[in-house]
There are 2 protein chains.
Amino acid sequence: MNLTKHNNASQLSLILKRRSVRRFDRRAVSGDIIKTIVKAGQRAPTSCGTQFYSFILVNDTRERREILNLVTENRVLQSAPIWIFVCSDVARPLKMFKSLRMDCYLGEVTGLIHSVIDASLAAENMVIAAESLGLNSVFTIYHWKAIQEISRLLSLPRNVLPLLLLCIGYSAEKSTVRPRWNTNVVMHKNRYRMPAKGRLLWNYRRSNKTLVNMGYFSQGVESLAENWQRKFASKEMMLREKKLRRELRKIGFLPNRL
Amino acid sequence: MNLTKHNNASQLSLILKRRSVRRFDRRAVSGDIIKTIVKAGQRAPTSCGTQFYSFILVNDTRERREILNLVTENRVLQSAPIWIFVCSDVARPLKMFKSLRMDCYLGEVTGLIHSVIDASLAAENMVIAAESLGLNSVFTIYHWKAIQEISRLLSLPRNVLPLLLLCIGYSAEKSTVRPRWNTNVVMHKNRYRMPAKGRLLWNYRRSNKTLVNMGYFSQGVESLAENWQRKFASKEMMLREKKLRRELRKIGFLPNRL
């Protein structure tokens, strides 16, 4: 399709060219810009207008330092002028329901899924809004290592989960669009068809080659597979799953028994 | 902030003016446009490049009819020319890991959250891409009533959840932007502060008044509270929670025991 024929081609190209940025320069970002980005987040579709999300801007130097101490990886966070915790929030909607004397209920798992969807839809709007304002961004989840401690620092009540930490600023790196699988790997017609092993590996090799050529890997990692092996290593992930379940149970996003 | 001063003001205004559309006209949408929208979805950030999502375009008339029979509410679906099930997909990434002979593990809950985030980020990109191409859209979850039956129709393997049904087409309704809470209700600085009951009710009344004035409600519902009361009624939601847990357990997105 010839996209340039369309009036809003530049809007689409903003999405198609967007890539995450992990090193920011020292330029500050104004409060007005931050508010506009959050407002853009609120424009995302939300389950029955409930807005199952909250956004916590962290700009207090001491609080930042405490958070940096809690996460082991922090080069990205250190360079980002703006930190916004995008939270799944069922607590405020529940208070709203109660204030209206409604007889409503949100099960733990229903609340978790609804709020993760709402928060993520809003988060992506914020990312696109940032791009349209000439800024760059990256989502991080380093804080998943210390959800409980960070929730305490942010004074999060029960039923609020710090889902993504959105870092925003002006890019200080040269980076290009990252590869994705061919669209026919992720898109199906009428029925799901699992791609054959050969097709997956072909897609993997093509993506990996592009990433190697753009100098994407560092710290001794030399391929996407190595990167995944490090991030999703069985032993570590089992512990992480156990911890995540425990923490979600504690804040009301999983029941005590299934 | 004077947004018109910025080069990409129109891109931002696309997000700020976007609203869900629930009635579409009969104009067809080309395959090229659909593919462009899915490609825009793939440009969303994704956890370590894993792309925990799949998209299923349903255009087979018989399959559509079977799905309509499974959901009770269907006026929206009936009028939409394009149906795309946005799925949380851990199955394909796991097959990719296995094909690469990696020793990786994704816990049930970790996989659920990662894939709901990835799928939702992609879904919102698709919504904005559709707007930029002059199309309108709405997310529906009517199919949650029959996840198991619909998963069978779509031939979904274990570890794939049909999360959102994205309906796309050209609007056949006059609709305006829906109200949201004041940004200071959802945005916090450094610490979460639960808004007082009075502030929540003030925001509720303002939003409700706007919705009433725009003729948003129908089918005997006269306020946002009534709408919520119907959608989140305790008795029904308890059953829904139970069913959702059972279904997520069955497809590997919740463990058998916590």
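The charged end of R27(A) sits over the ring of Y170(A), 4.3 Å from the ring centre. A charge is taken to sit over a ring if NZ of Lys or CZ of Arg is within 6 Å of the ring centre and within 35 degrees of the ring normal. In chain B, the charged end of R27(B) sits over the ring of Y170(B), 4.3 Å from its centre.

The model is predicted, so local features need pLDDT of at least 70 and side-chain atom pairs count only at pLDDT 80 or more, while totals for chains, interfaces and linings use all residues. Residues are numbered from 1 along each chain as its sequence is written, chains are lettered from A in the order in which they are written, and side-chain values use heavy atoms, with hydrogens and water left out.

Over all chains, 14 aromatic pairs are found (rings of Phe, Tyr and Trp, the last by its six-membered ring, with centres within 6.5 Å; planes under 30 degrees apart are stacked, over 60 edge-to-face, the rest tilted). The pair of F97(A) and F232(B) is tilted, because the ring centres are 5.6 Å apart and the planes lie at 35°. This pair joins two chains, since F97(A) lies in helix α5 (residues 91-99) of chain A and F232(B) in the loop between α10 (224-231) and α11 (234-250) of chain B. Helices (H or I, at least four residues) and strands (E, at least two) are DSSP runs, numbered from the N terminus. F97(A) is buried at 3% relative accessibility, and F232(B) is buried at 2% (buried: under 20% relative accessible area; exposed: over 50%; partly exposed: in between; 1.4 Å probe, protein chains only).

F232(A) and F52(B) form an edge-to-face pair, 6.4 Å centre to centre with 80° between the planes. Both F232(A) and F52(B) are buried.
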